Amino acid sequence: QTYTIVHYAFLVALCGLVWAVMGRAAKLVLIPISLLLFTIPLPVFTQATLTADLQLLSSRMGTALIQALGVPVYLEGNIIDLGVYRLHVAEACAGLNYLFPLLGIGHLCAYLFRSAAWKRILLVVSTVPLTVLMNVVRIACVGLLVREFGTGAAEGFIHFFQGWLVFLVSTVILLAEMALLNRVGSVRVDLREMFDLRAPASATAADARDTDVLPPRVTGPLLACILMIFAALGLTLVQERRPDVLPERVDFALFPAFLGDWVGRRSALEPEVARALGADDYLAMSYRRAEEVAPVELFAAYYGAQRRGRRPHSPQVCLPGGGWEIERIERADALASGLSLPHNRVVMRKGDDRLLAYYWFEQRGRVFANEYLMRWNLFAGGVFEQRRDGAMVRVLTLLRRGERVADAEGRLEDLLLLALPRLPSHLPD
């Protein structure tokens with residue numbers, strides 16, 4: 001999220017410089033400059049959440065389209081089972097790779113479209129459902145090609161070529177939409193004129209004076225902009241060179257396996273999963289007690305310095321990717337026992353199986369359920385305290401067949417009341 005702020009700050013500074021140099025004529029280039037908005041990646045959490053939602057939506061709609069074409073298929077989460085091949089709708093296939101370029105093209109088309117404002121807005125907004133629809137068509141085509149020609153149709157050059165082809169078709173559909181909208185209403189424009197950037201012949205002398213671009217000269221506003229930019233650059237370089245403060249802590253390897261009458265079994269993540277997690281230390285423990293049928297899994301991931309994408313992965317994003325669907329999610333500030341603990345409470349379902357999960361984030365002794373507040377706290381901690389350490393903590397349990405959510409909550413909180421006093425030594429204030 002820090003890099004996103006830097007990118008948007010660059011655009012603000014660029015607009016300020018253009019305005020200081022060009023004056024009122026800056027309005028000629030502000031729209032082209034605004035195209036740069038579509039080159040800025042979304043904050044990591046926002047992008048991950050949107051990607052997960054689009055993955056599930058694309059998987060469901062793609063499966064429905066394949067079934068409508070008479071091909072038997074089974075869907076589990078983001079995995080489309082074709083019998084001879086299991087097609088995984090990965091992050092790259094979620095649709096965001098199409099959405100931002102098409103939004104940029106829609107923005108440019110709306111700028112050139114000499115028509116009513118509502119038509120321009122509709123043109124830009126329509127790129128969102130168009131992206132989803134064309135991505136679903138692509139997924140369905142991959143499934144059909146795999147069935148007819150084998151697994152090679154879902155890999156290598158053919159797979160990437162399909163992506164480019166879908167993007168080009170989407171662009172053609174967008175241009176066709178412009179032609180269709182041009183036929184709506186009484187005012188119609190020759191489509192060739194839409195891409196003619198020459199000033200209208202009827203432009204007045206006053207209009208010409210307003211849009212004249214004067215030769216660059218050092219003015220007061222321009223000098224002030226340059227000085228502020230250099231001052232901000234100096235502060236940024238100083239901040240980046242400041243070393244992070246790494247507080248002392250106890251490794252998770254020493255977290256107790258016995259908590260009251262709960263007995264824990266430690267496990268290790270697969271190497272690929274551990275690399276994707278990127279944590280400096282993690283705890284994966286499954287606790288069980290004699291009278292309980294279902295265990296309680298305690299997981300925590302600690303990051304000494306959350307920089308350059310190394311930060312906790314939200315369970316709200318990770319669990320749906322494993323085939324679980326969110327049935328209910330809510331935020332709470334305390335446990336049933338009255339203990340203050342801001343957390344997210346999630347009920348998920350996969351087929352007939354259900355699970356209950358609590359998760360939250362800890363940074364410098366503070367607990368957050370809201371991930372955006374956590375990101376802001378991370379930013380403030382890096383600037384004022386030189387600390388970017390933090391962790392994500394999650395507990396979950398499977399619900400037995402016919403078990404009430406309230407009973408599963410009691411099981412989770414019984415373990416939490418014993419585990420929470422042990423966490424501060426591993427998650428320093």
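**Close-up views of a predicted model**

**View 1. Asn344, a buried strand residue.** Asn344 has a relative accessibility of 3%, so it counts as buried, the cut-off being under 20%. The model is predicted. Asn344 belongs to strand S9, which covers residues 340–350. Its side chain reaches the backbone oxygen of Ala369, at 2.9 Å. Beyond residues up to four places away in sequence, Asn344 touches Glu330, Arg331, Ala357, Tyr358, Tyr359 and Ala369.

View 2. Strand S8 spans residues 325–334. S8 and S9 run antiparallel, and eight bridges join them. Glu330 stands opposite Arg345 of S9. Five residues lie between the two strands of the hairpin. In this hairpin, Gly338 takes a positive phi near 100°.

**View 3. Tyr359 and Phe361, an aromatic pair.** A pair of aromatic rings is described by the distance of the centres and the angle of the planes. The count for the model comes to two aromatic pairs. Tyr359 and Phe361 form an aromatic pair with 6.0 Å centre to centre and 90° between the planes. The arrangement of Tyr359 and Phe361 is edge-to-face, because an angle over 60 degrees counts as such. Tyr359 counts as buried, at 1% relative accessibility. Phe361 counts as buried too, with a relative accessibility of 1%.

**View 4. Arg249 and two rings.** The charged end of Arg249 sits over the ring of Phe252, at 5.1 Å from the ring centre. The charged end of Arg249 also sits over the ring of Tyr302. There the distance from the ring centre is 4.1 Å.

**View 5. Helix H12 from end to end.** H12 runs over residues 371–384 and holds 14 residues. Its end C-alpha atoms are 20 Å apart. At 1.5 Å a residue the helix should span 20 Å, so the two values agree. At the start of H12, a side-chain oxygen of Asn370 reaches to within 3.0 Å of the backbone nitrogen of Leu373. Just after H12, Gln386 takes a positive phi of about 60°.

**View 6. Buried residues of H12.** An α-helix has 3.6 residues a turn, so residues three or four places apart point the same way. Buried residues in H12 are Glu371, Met374, Arg375, Asn377, Leu378, Ala380, Gly381 and Gly382. Glu371 lies in this helix. Its relative accessibility is 4%, so Glu371 counts as buried. Glu371 and Trp360 are eleven residues apart along the chain. Their C-alpha atoms are separated by 8.5 Å.

**View 7. Asn182 in helix H7.** H7 comprises residues 156–182, and Asn182 is in this helix. Asn182 counts as buried, at 8% relative accessibility. Asn182 and Ala116 are 66 residues apart along the chain. The separation of their C-alpha atoms is 9.5 Å.

**View 8. The whole chain, for orientation.** The protein chain has 13 helices and twelve strands. It contains 429 residues, and buried residues make up 41% of them. Among contacts between residues at least 6 apart in sequence, 66% join residues at least 24 apart.

Definitions and conventions:
Residues are numbered from 1 along each chain as its sequence is written. This is a predicted model: local features need pLDDT of at least 70, side-chain atom pairs count only at pLDDT 80 or more; totals for chains, interfaces and linings use all residues. Side-chain values use heavy atoms; hydrogens and water are left out. Rings of Phe, Tyr and Trp (its six-membered ring) pair if their centres lie within 6.5 Å; planes under 30 degrees apart count as stacked, over 60 as edge-to-face and the rest as tilted. Buried means under 20% relative accessible area, exposed over 50%, partly exposed in between (1.4 Å probe, protein chains only). A charge sits over a ring if NZ of Lys or CZ of Arg is within 6 Å of the ring centre and within 35 degrees of the ring normal. Helices (H or I, at least four residues) and strands (E, at least two) are DSSP runs, numbered from the N terminus. A polar contact is a pair of N or O atoms within 3.5 Å; within protein, one must be able to donate a hydrogen and the other to accept it, and residues adjacent in sequence count only if both atoms are side-chain atoms. Contact means heavy atoms within 4.5 Å. The expected span of a helix is 1.5 Å times one less than its number of residues. Two strands pair if DSSP finds at least two bridges between them.
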